[in-house]
Amino acid sequence: MDFSENEHHAMLRESLVRFGRRHIPPGAVAKWEKAGSIDREVYRALADLGVMGLCVPVQYGGAGRDIVGMILVIDELSRLAVPLCTLYTFAACYGGMTIADLGSEAQKAEILPKVASGDIMLSYGWTEPDVGSDLPSVQTTARREGDKLIVNGAKRFCSGADITDYILALVRTGPIDQKYKNLSLVLVPNRSAGITITPIETLGHHGVGTTDVTFQDVQVPFDNILGGPEKLNQGWQTIAQSMLDIEKIEAAAGGLGVARAALEEARNYAMQRVQFGSEIAKIQDIRHKIADMEVNAHTAHLVTYHAAWALENGLPCSKETSIAKLYATEAARTNALLCLQIMGAYGYTKDFDCERLVRDALLLPIAAGSSAIQRNNIAHLSGLPRVK
Ligand SMILES: Cc1cc2nc3c(=O)[nH]c(=O)nc-3n(C[C@H](O)[C@H](O)[C@H](O)COP(=O)(O)OP(=O)(O)OC[C@H]3O[C@@H](n4cnc5c(N)ncnc54)[C@H](O)[C@@H]3O)c2cc1C
């Protein structure tokens, strides 16, 4: 068993640390949050590192299929700047890995070279006003008319839809009474006629917003079904087979980065803040909190990279990705709240990153399948009978 990072991944991590020092100075993320968007030059500089195509096959201009590398980038970017990490996910993960694994040849040829060059991003449009965890109950419809699909309905919390190029929408392509059967995933170009995109105000994740999207008689080529026309009505199988694993592992890596960032912030503060004549880092209660944060971040690292390794090696890993998603995102929340306790009043101000980490961390155990949903999966995959 070898737990060491290989040379290629160690260099990748080092290059991201250097990228952070150069392009994300203190205060940069707060500025992006205020502006509601990320400095596009920084995104371009990230793309220039060659990390967008880590899961794009070589013939489309990428690096092959380096899931561990992609997870490492998400881990480092979410440590540096959650909104930048979110954009990276829209490109490398939703665009690159999803299309490389599940797209038709035409979709790969159209989308993957643009992913590798950093010129395209995808949003996931799964959640709806009345459908959260119970995804296969979506009500947005797509009916066939000749060589077109006509899409009608509404998606909620469709992150980045105002800036991405396609919404990968989960839609109903047959009667609703067959809950898991008549579903398809469709690549809907965001700028199609009949689409309205409205921002939703949220507690955190401000540099990249989430949106409401409505579809009114939106015409989409029939060929835009993910995987091509033969995948009509195969949407749930596609999601259940591999897309949930992709989403869970990406969310876990995001949690890991935030858990590490909170640990660094708390440690730095504890070593500088003096009360009763010495650094608060010498107080046992503070030390134990930081020790707990180390354990959380370390364990999150192990479960996340183990699940990424399993996914990369084609091993069945739905339980492992659920464990990683559950543990790492809860670790992010716990560490962010411990950081706030350690920093006291200053953690509550906008002068430090702590308050942003708290706001960003609170989402992580909710989105991409809540912690309760991951526990349901893990219990079922541990051999317990499935319950509704
Ligand atoms: C900022 C933000 C960005 C988002 N981005 C996207 C996006 O890009 N694309 C997208 O499609 N969605 C996105 N989402 C939606 C997110 O994935 C959903 O919030 C999530 O799937 C849960 O749905 P819900 O919040 O409606 O909760 P609900 O499903 O209504 O659940 C409410 C509560 O009940 C619990 N619960 C529900 N069912 C069960 C069960 N069977 N067993 C145990 N407990 C249960 C949940 O854990 C939760 O605590 C985003 C959400 C936010 C806030």
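Cover for the buried residues of helix α2 includes α5 and α10 (354-363). Contact here requires C-beta atoms, placed from the backbone, within 7 Å. Helices (H or I, at least four residues) and strands (E, at least two) are DSSP runs, numbered from the N terminus. This is a predicted model: local features need pLDDT of at least 70, side-chain atom pairs count only at pLDDT 80 or more, and totals for chains, interfaces and linings use all residues. Residues are numbered from 1 along each chain as its sequence is written.

**Helix α2**

- V29, W32 and E33 are the buried residues of α2. Buried means 20 or more other C-beta atoms within 10 Å of the residue's own, exposed means 12 or fewer, and partly exposed lies in between, with C-beta atoms placed from the backbone.
- An α-helix has 3.6 residues a turn, so residues three or four places apart point the same way.
- The other side of α2 carries K31, K34 and A35, which are exposed.
- G36 follows α2 and has a positive phi, near 80 degrees.

**Domains and their contact**

- The protein splits into domain 1 (7-120), domain 2 (124-233) and domain 3 (237-381). These bounds come from an automatic or database domain assignment.
- Domain 1 and domain 2 have C-alpha centres 24 Å apart.
- Across this pair, 19 residues of domain 1 are in contact with 16 residues of domain 2.
- On the domain 1 side, α2 (28-35), α5 (82-102) and α6 (105-116) each supply at least two residues.
- α5 gives the most to that side, with eight residues.
- By type, the domain 1 side has eleven nonpolar, seven polar and one charged residue. Ala, Val, Leu, Ile, Met, Phe, Trp, Tyr, Cys and Pro count as nonpolar, Asp, Glu, Lys and Arg as charged, and the others, Gly among them, as polar.

**Ligand shell**

- The ligand is surrounded by 21 residues, of which W126, G132, S133, F157 and S370 are the closest.
- The shell holds ten nonpolar, eleven polar and no charged residues.
- The ligand lies between domain 2 (124-233) and domain 3 (237-381), because both give residues to the shell.

**Nonpolar core**

- The largest nonpolar core has 121 residues, and A92, V186 and A266 have the most contacts inside it. Such a core is a set of buried Ala, Val, Leu, Ile, Met, Phe, Trp, Tyr and Cys residues joined through C-beta atoms within 7 Å.
- Helix α7 (residues 235-272) provides the largest share of this core, 17 residues.
- Leaving aside neighbours within four places in sequence, A266 is in contact with I290, M293, L338, C339, I342 and M343.

- Most residues other than glycine have a negative phi.
- D217 has a positive phi, near 50 degrees. D217 is placed in strand β7 (residues 210-221). D217 counts as exposed because it has 9 C-beta neighbours inside 10 Å.
- F276 has a positive phi, near 50 degrees. F276 is in the loop between β8 (274-275) and β9 (278-279). F276 counts as exposed because it has 7 C-beta neighbours inside 10 Å.

Terms used. Two residues are in contact if their C-beta atoms, placed from the backbone, lie within 7 Å. A residue is near a molecule or strand if its C-beta atom, placed from the backbone, lies within 6 Å of it.
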